Amino acid sequence: MTAAAEPRAPLLEVADLARYFPTRNAFGRRTGWLRAVDGVSLAVWPGETLGLVGESGCGKSTLGKTVMGIYTPTAGEIRFLGREIGRLRGRERRQVAGDLQYVYQDPGASLDPRWKVERSLHEPLLIHTRAPRVEREERIQAILRAVGLPDAHLDLYPHELSGGQQRRVGLARILTLEPRLIILDEPTSGLDVSVQASVLKLFRRLQESFALTYLFISHDLAVVRAMCRRVAVMYLGKIVELGDAAGLFGAPHHPYTRSLLAAVPTIGGRRVTPEFSLEGEPPNPRDVPSGCRFRTRCPLAQDICAAQEPPLRPIGGQLVACHFA
Amino acid sequence: MSELLSVRGLTVEFATDQGVARVLDRISLDIGQGEVVGLVGESGCGKTTLARTILGILPPGAGLIRGGEVHFKGRDLLREDPSVVNDLVRGRGITFIPQDPWSSLSPLFPVGAQIMDLMKWKSPRREAAGPPASGGWPALFRRYPGARRRADREAVLEILRAVQFPEPARALSRLPYEFSGGQRQRLMIAMALLPRPDLIIADEPTTALDVTIQAQILRLLRALVKERGVSVLFTTHDLGTAHEICDRIVVMYAGQEMESALTDVFFDRPAHPYTRRLIESVLSLDGEIQDIPGEVPSLIEPPSGCRFHPRCDYATRECGARRPDTHTVEGEHHVRCYHPLGAARPGA
């Protein structure tokens, strides 16, 4: 797909990845599968930020966590740095962790309240590297400066820091390992606009200074638009549209992407209007509709949508999974 | 416009381990009949405390009202007999839509039972009880007359249809967990409308929802309140949401109100430097990232005068000395600033 335009190899490549969770009844018997991620293929190129958007429950976090190794894939491949990592275990898997890191919604919350900042920052280096103490200290100080905190903060406990500073320490902790790819899972949800803006600026600055690649998971389209060069839109475990951010936001082809964009509250634009077409809520992922999964809410749906699942095919500059795009 | 609710110089403090935090500092606010007013500001600026003070549900013992008045339909809610406020105002004249419907519904009872429980006391068909007669049964044991119960049940079904709740009659016997977040929020809107209030206080009612569901809920809420002529105080930290639903917007910063203007004026010609910074920090779908330098101040040792002055580009000595008075820019556009930005804003 994008391979022609990009001479290098992708940093991360996911092929037909699936992750199912069993659903059980009251007696523990399996009654079916919840198909959280159901056949997703995408590539993340070095230095880029790939956005992954969708409503809650669409499987975007499950995808991120499966790539990270928190869940084992039910099917499909995860190639990272040219190596299949989906089924690695133990020591081999830990070696990957230095290059691949995951940032939760609030990275500050993963600090141990009984540890000083310094100890929290040394920990990943102790686990993953054999660097001597002096070298570790140098590295930690450099990274602390990069996230915008003074050295004096090394001697503080997390509760002595503000929420924003805790967040920075959490990020510093991840950066000490010099990862290549960072999966950011809803890194700004729940933040105020002004704080969100400074966190996003920090991500951008760190990306430049540490040559990072981001997989940016978010439900907030405005944030994704500001941060990402390419965007994948997920609906009920499948990618429905994938392409350049400019193209996807400028001329969305999939009816779901269009509705999603129309639903974003904007300033100076449209007020609540009748044009917005998306009614109802996403169906239960335990019981996905046949054919195209979006058809139950789609204004364009016809018989073929129930019968056949549309494959991702190139339309304009994007890949779109729709019979009528 | 005749004011339905009028808050004057309201000051609320919380005692904390570190000291006394003045969470609301001489706040004034008006809401007209049938008006949807947005109260916007960052987390910790006092939006929720203001909403709770108006409703009279500050956490007992912790929140201390240090001064000010809250006038609602000719009553000063802070000085009125609490039992009268409870009987006529809270849950009847003024109702509430919470941010998180989970914490307002008991997981153990069917939603129908919970709605009827509300209607037993807050139905518009219930006549005012007056002060409790001494020696009688406690209010809890009073009967729910059958005729009113039947009429109330009809009203409940009607309102559930109005909020587009699927299969209202069957839904009443279900438990809250059987509904999605969007449906629970529809239920909350229905419960807020049932007592036929004059004012609904909606505290970030769509923050926890996805954009598509949020758009549906906002559209529904605005249509329902406009149809019924109900006023709304809508708190949110999302300016986009405020733009979608509000007639007028009041912006708060660190416990002080900074500016109040009709929605279009608010976004086109903001007069307060903070308002302008806040609007600029919103990411548009094609936008650049702009933040507000500095951090939100501590409310325990807040900056003197205008609380925004340490982060303000236009601050002068008088800003730190005394809080500016309200200055009327034009008509309904009020700002508390010594150096309001001129009407001419490049590009606006």
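In this predicted model, strand β4 of chain A, which spans residues 75-80, pairs with β5(A) in the antiparallel sense over two bridges. Within this part of the structure, A:Arg79 stands opposite A:Glu84, a residue of β5(A). The two strands belong to an open sheet of four strands in chain A, in which the order is β2-β1-β4-β5 and the pairing is antiparallel. The edges of the sheet are formed by β2 (30-44) and β5 (83-84) of chain A, each of which pairs on one side only. Helix α1 of chain A, comprising residues 60-68, packs on the sheet and touches β1 (12-24), β2 and β4 of chain A, and the direction of the helix makes about 110° with that of β1(A).

Elsewhere in chain A, the loop between β7 (181-185) and α6 (193-210) contains A:Gly190. A:Gly190 is classed as exposed because its relative accessible area is 70%, a value over the 50% cut-off for that class. Although A:Gly190 and A:Gln105 are separated by 85 residues in sequence, their C-alpha atoms lie 8.8 Å apart in space.

On the surface, a nonpolar patch is formed by A:Leu300, A:Ile304 and A:Phe324, which together present about 220 Å² of accessible area. Of these residues, A:Ile304 lies in helix α10 of chain A, which covers residues 303-307.

Conventions
Residues are numbered from 1 along each chain as its sequence is written. Chains are lettered from A and ligands numbered from 1 in the order in which they are written. This is a predicted model: local features need pLDDT of at least 70, side-chain atom pairs count only at pLDDT 80 or more; totals for chains, interfaces and linings use all residues. Side-chain values use heavy atoms; hydrogens and water are left out. Patches are made of residues with over 30% relative accessible area and no salt bridge: like charges are joined within 9 Å, nonpolar side chains (Val, Leu, Ile, Met, Phe, Trp, Tyr) within 5 Å. Accessible areas come from the Shrake-Rupley method with a 1.4 Å probe; for residues, only the protein chains shown count as cover. A salt bridge is a side-chain nitrogen of Lys or Arg within 4 Å of a carboxyl oxygen of Asp or Glu. Two strands pair if DSSP finds at least two bridges between them. Contact means heavy atoms within 4.5 Å. Axes are lines fitted to C-alpha atoms, for helices over the stretch in contact, and angles run from 0 to 180 degrees between N-to-C directions. Buried means under 20% relative accessible area, exposed over 50%, partly exposed in between (1.4 Å probe, protein chains only).
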